[in-house]
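User: Can you walk me through the charge pairs and the overall fold of this one? I'll jump around a bit.

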Amino acid sequence: MTAVHVPGTPVVEDGRLVSTSPATGAEAGRFPVATAEDVDQAVARARAAGEWWAGLGFTGRRERLLRWRSLLARRIEELAELVHTEGGKPVGDGVVEILTAIEHVDWAARNARRVLGPRRVRTRLILAEFTGHLEYQPYGVIGVIGPWNYPVFTPIGSAAYALAAGNAVVFKPSEYTPAVGQWLVDRFAEVVPEHPVLTAVHGLGDVGAALCRSGVGKVAFTGSTATAKKVMAACAESLTPVLVEAGGKDAMIVDADADLDAAAEACVWGALTNAGQTCIGIERVYAVDQVFDTFVDKVVSRAGRLTVGPDGADIGPITMPAQLDVIRRHIDDAVARGGKAVLGGPEAVQPPYVHPTVLVDVPEDSVAVREETFGPTLTVTRVRDVDEAVERANALSYGLGGSVFGRKRALAVARRLRSGMAAVNSTLTFAGMSTLPFGGVGDSGFGRIHGEDGLREFGRAKSITRRRARSLLPSMTFERTPADVARLVKAAKLMYGRSR
């Protein structure tokens, strides 16, 4: 007897993971569910493949990664359609996501040698007879556990950097988007057919747990804060290092001298793109009193024009059906506690869709303000000045990204946000800038992907000293004499004894 599918909810049938569209219920693919033994075997194969991959050197890996980049670019429409079919994301948003991922592949491939390659490090006078050398050596195998909301951009933000650093990767895509994950792996195999350098294992949460316990050199995880803690606990059993990009509740601050049209446009994009299913999405806005009413009117006007539906609309379905209950609970609680829906409201939840909802006068201790909603909703709060806005923005345990709109003080205010990233007079833009690290603080995680910091996350720093001359001030030897010690004391006083 065939199980009844709730569209978009993954099910396991006859040992295979079945993925369907949350909008139409159309099947996107079936993939064998990995057992713990399957995961261990995949990691063992990847370990051997990783030795070959590391042996190619930076030049060989760059050439192959750039071929993968080119293939992704040539087939961008095909992948965007698959992202749309499996997760419901509008095709245009899928194209933007893929383009951003391609940029990260390109940057990681082109910059890995410069950032991670062997180099001389300057020594100091006390050890002038030695030279210092530093390089970053690959871990061997990186386990990447990816999310469903950005099934191309986010895992590639880890995988491309891990590959450029010389590691093999075993990728566990979200059970909501396994077809997209397998597509990426299959396309990589087309340009690197020799060994399983990038492979996928499919299944539910137990497969991710098995990957954490499989002996990989490091795990890169993106997902909810609650799941991140489970991943960390599993990795702690073997002291496997882990990179965590968890949830967010990002805030935008609108100062009195902000360009309100630009702020409203960016706010609507930052809050409602991908149906609000964005870890760095704007979920809270704090606008100073002088501009609050005008800003809200402009946001409502723009958000109210957006279309919602399956094909060609601005906003697609909620990818994970269970999230609809969370969104509904947040809206209901906000309204019940005195908040006002100036757009949308409780009736906006029409499964599998949620229409844009803008809420004002919502208490700061409500779940709509304090918990991650992950839907096309937004709270806008009136504050007396930017100091109050910063205080409220920083009041939560999350600290992923944020945004500030203004002129004179915007950059200074952005620096005060307790977050790993911030955008001034824009939203989300730090995600696409491949030269900048991406990550959060607090309940939003730790570690960084992207940029030079992202490359270094996937290499172990290896320090080497090399003697180049006889020691004039022998210290680290039992052959030193009392006279040597006296000279060391004199040298220390000369070099470090002054306060300047």
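This is a predicted model: local features need pLDDT of at least 70, side-chain atom pairs count only at pLDDT 80 or more; totals for chains, interfaces and linings use all residues.

User: Is arginine 337 buried or partly exposed?

Analyst: Arginine 337 is partly exposed, because its relative accessible area is 36%.

User: How many salt bridges in the whole structure?

Analyst: A search of the whole structure gives 32. One of them joins lysine 218 and glutamate 457, with 2.7 Å between the closest N and O atoms. Lysine 218 is in strand β9 (residues 218-222) and glutamate 457 is in the loop between α16 (451-456) and β21 (459-467), so this pair ties together parts 239 residues apart in sequence.

User: Why do lysine 218 and glutamate 457 count as buried?

Analyst: The cut-off for buried is under 20% relative accessible area. Lysine 218 has 6%, so it counts as buried. Glutamate 457 has 17% and is therefore buried too.

User: What about aspartate 453 and arginine 456, where do they lie?

Analyst: Both are in helix α16, 3 residues apart, or about one turn of the helix. Aspartate 453 has a relative accessible area of 38%, so it is partly exposed. Arginine 456, at 28%, counts as partly exposed. Elsewhere, salt bridges with shared partners join Glu364, Arg384, Asp385, Glu388 and Arg392 into one network.

User: Switching topic. Which residues make the nonpolar surface patch?

Analyst: Leu125, Ile126, Leu127, Met476, Leu494, Met495 and Tyr496 make a patch of about 740 Å². Methionine 495 lies in helix α17 (residues 482-496), and it is partly exposed because its relative accessibility is 31%.

User: And the overall shape? What is the radius of gyration?

Analyst: The chain has 26 Å; a compact globule of 500 residues would have a value near 23 Å, so the two agree. The C-alpha trace spans about 85 × 60 × 40 Å along its principal axes. There are 17 helices and 21 strands, and 55% of the 500 residues are buried.

User: What does UniProt annotate for residues 16-464?

Analyst: The unreviewed UniProt entry has "domain: Aldehyde dehydrogenase" over residues 16-464. In the model that span is 43% helix and 20% strand, with its end C-alpha atoms 49 Å apart.

Note on methods. Residues are numbered from 1 along each chain as its sequence is written. Side-chain values use heavy atoms; hydrogens and water are left out. Patches are made of residues with over 30% relative accessible area and no salt bridge: like charges are joined within 9 Å, nonpolar side chains (Val, Leu, Ile, Met, Phe, Trp, Tyr) within 5 Å. Accessible areas come from the Shrake-Rupley method with a 1.4 Å probe; for residues, only the protein chains shown count as cover. A salt bridge is a side-chain nitrogen of Lys or Arg within 4 Å of a carboxyl oxygen of Asp or Glu. Helices (H or I, at least four residues) and strands (E, at least two) are DSSP runs, numbered from the N terminus. Buried means under 20% relative accessible area, exposed over 50%, partly exposed in between (1.4 Å probe, protein chains only). UniProt positions are given in the numbering used here, feature names are shortened, and annotations may be inferred rather than shown by experiment. The radius of gyration is taken over C-alpha atoms; the globule rule is 2.2 Å times the number of residues to the power 0.38.
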